[in-house]
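Please work through the exercises below with the sequence and the coordinates open. Each task is followed by a solution in steps.

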Amino acid sequence: MNVTYQSTRGSESGITASQAILKGLASDGGLFVPDHFPKLDKTVEELIPMNYREVAYEVMKLFLTDFTAKELKDCISKAYDKKFDTDEIVPIHRALTGYYMELYHGPTLAFKDMALTMLPHLMTTAAKKNHDDKEIVILTATSGDTGKAALAGFADVPGTKICVFYPKKGVSPFQELQMVTQKGKNVKVVGINGNFDDAQTGVKQIFTDEALRAEMAKKGMQFSSANSINIGRLVPQIVYYVWAYTRLVKEDIIRNGEEINFSVPTGNFGDILAGYYAKQLGVPIRHLICASNINNVLTDFFETGIYDKNREFFVTQSPSMDIVVSSNLERLIYHISGGDAQLTADLMERLRVRGSYEISAEMRDKLTDFIAGYADEGQTAREMRALFYDGNYLIDPHTAVASGVWEYYREKKNDWTRTVVVSTASPFKFAWTVLAALGKDPDAPGIDLEKELSELSGLPIPKQVLEVRKAPVLHNEICNRDRLSMELEVRSFLGM
Ligand SMILES: *Cc1c(COP(=O)(O)O)cnc(C)c1O
């Protein structure tokens with residue numbers, strides 16, 4: 001049965017998967033959701049002998065029903081290839097009592113690669129299917145990780161161009177180096193004299209400028225968005241939940257049919273929502289543990305049914321989870337309301353106007369799949385330390401949040417269900433923080449952070465890090481934070 005997509009706020013329905021991927025966001029500002037949840041049509045026994053690409057096909061075909069088998073397989077094999085530093089694509093590592101699903105073996109060493117290596121191929125295929133021959137122009141503002149993953153994903157993909165704006169002083173030195181060394185004939189990277197909000201605001205204004213869009217259309221170009229609300233980013237993320245389950249059965253760690261938990265370090269709620277979709281497919285998942293850092297707006301939401309973004313914002317060791325509005329939560333709200341688009345639109349309007357909303361007791365009753373908790377900065381550091389010294393395993397601060405929250409919950413509830421901790425970044429991406437947590441002095445004079453971490457752990461420095469360190473700087477544009485300066489950068493890039 002075909003799956004079509006509709007807006008969480010009701011304006012659009014009956015949209016094909018390929019159209020939803022091209023549009024990104026519905027015209028009423030809502031997010032595209034499937035009209036029903038398909039079920040896996042392969043058994044665990046059938047999935048066990050398959051490699052990651054084959055499992056990806058079996059999962060993605062259920063949601064992207066208007067893609068042909070050949071189109072989908074092409075996208076998958078272009079995404080999950082030698083760019084990953086392991087043939088397994090997603091290895092699962094046992095340490096102490098947990099299983100760590102490593103989603104960081106792609107080109108930028110973080111989990112965003114799982115979807116952003118795939119999205120450009122889904123988009124160009126979707127454009128072809130819809131007889132849309134306009135060139136796709138991706139415009140992104142980034143606070144660090146997403147920008148690099150999007151650049152790496154779209155670089156030299158025919159039929160696309162990508163322009164990324166980042167706050168010149170708002171990303172880590174390594175993140176900046178990752179972006180300004182990006183190769184590719186179709187990429188542009190610009191630092192702005194402003195913060196992430198300035199970059200985001202400018203991009204939104206340029207993106208929604210009707211006159212500019214019309215001018216671009218005349219030149220055979222159109223804007224599209226690579227941010228995490230695109231259904232083309234969500235679907236590839238469902239795959240690894242299915243994958244992890246089949247690997248645990250294969251290794252005799254669980255019986256087929258036995259329930260497991262996943263603990264997920266959460267920011268925008270995209271990763272954990274993909275876990276929820278995997279459960280709807282039929283994967284035996286007991287609890288999805290929604291783990292936050294001290295920006296714990298989601299912990300409060302699951303505890304009280306009130307989402308309130310009026311709160312202090314903290315900069316933490318796990319920056320990719322420093323968020324007060326988790327945009328993908330809107331999809332969950334829609335599902336637990338029984339598909340009530342009017343109600344979802346009302347709640348989102350309340351969030352916009354008042355900064356908060358409350359869900360009904362009936363809706364709260366449907367949240368039993370989730371457990372929520374948060375780890376403060378001290379717990380996060382202690383978790384990295386404990387895993388390293390007691391479990392001989394190095395984890396990054398985001399993964400440590402998920403691991404710490406799970407541990408706390410396990411002891412408190414005495415729930416010894418086998419648990420997979422979703423591991424979202426390489427520790428080498430956060431070498432300073434990890435070394436500090438392990439009791440070393442990352443500010444010691446002359447220290448080479450990655451070399452120090454490598455010697456301490458016995459792990460090689462990932463080749464992705466070494467490549468960036470020796471790559472030439474290719475981008476040095478800087479612009480002011482006003483919209484006009486940013487638009488001029490975009491225009492010069494597009495030859496307009
Ligand atoms: C983006 C990101 C997260 C959060 O994922 P969401 O889908 O936004 O919840 C966690 N860890 C790392 C390293 C990330 O880059």
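The exercises concern a predicted model and treat the ligand surroundings, then the nonpolar cores.

**Exercise 1.** Determine which residues come nearest to the ligand and how the shell around the ligand divides by residue class.

*Solution.* Step 2: sorting the shell by class gives four nonpolar, seven polar and three charged residues.

**Exercise 2.** Identify polar atoms of the protein that lie within 3.5 Å of an oxygen atom of the ligand, and state how much of the ligand's accessible area the protein covers.

*Solution.* Step 1: on the backbone, a polar atom of aspartate 271 is 2.9 Å from a ligand oxygen atom. Step 2: among side chains, aspartate 145 places a polar atom 3.3 Å from an oxygen atom of the ligand, and serine 320 has a polar side-chain atom at 3.4 Å from a ligand oxygen atom. Step 3: on its own the ligand has 380 Å² of accessible area, and the protein covers 96% of it.

**Exercise 3.** Describe the largest nonpolar core and the surroundings of leucine 64.

*Solution.* Step 1: the largest nonpolar core comprises 110 residues, and Leu64 and Phe262 have the most contacts inside it. Step 2: helix 11 (residues 231–250) supplies the largest share of this core, with 13 residues. Step 3: with residues up to four places away in sequence left out, leucine 64 touches Tyr5, Ala17, Ile21, Leu72, Leu122 and Val235. Step 4: another core, of 35 residues, lies apart from the largest one and includes Leu109, Leu387, Val405 and Ala425.

Technical notes. Residues numbered from 1 in each chain as written. Predicted model: local features only at pLDDT ≥ 70, side-chain atom pairs only at ≥ 80, totals over all residues. Heavy atoms only, no water. Near = heavy atom within 4 Å. Polar contact = N/O pair within 3.5 Å; in protein donor to acceptor, adjacent residues only side chain to side chain. Areas by Shrake-Rupley, 256 points an atom, 1.4 Å probe, with all protein chains shown as cover. Nonpolar A, V, L, I, M, F, W, Y, C, P; charged D, E, K, R; others polar. Core = buried A, V, L, I, M, F, W, Y, C linked by side-chain atoms within 4.5 Å. Buried < 20%, exposed > 50% of the residue type's maximum accessible area, 1.4 Å probe, protein only. Helix = DSSP H or I, 4+ residues; strand = E, 2+ residues; numbered from the N terminus. Contact = heavy atoms within 4.5 Å.
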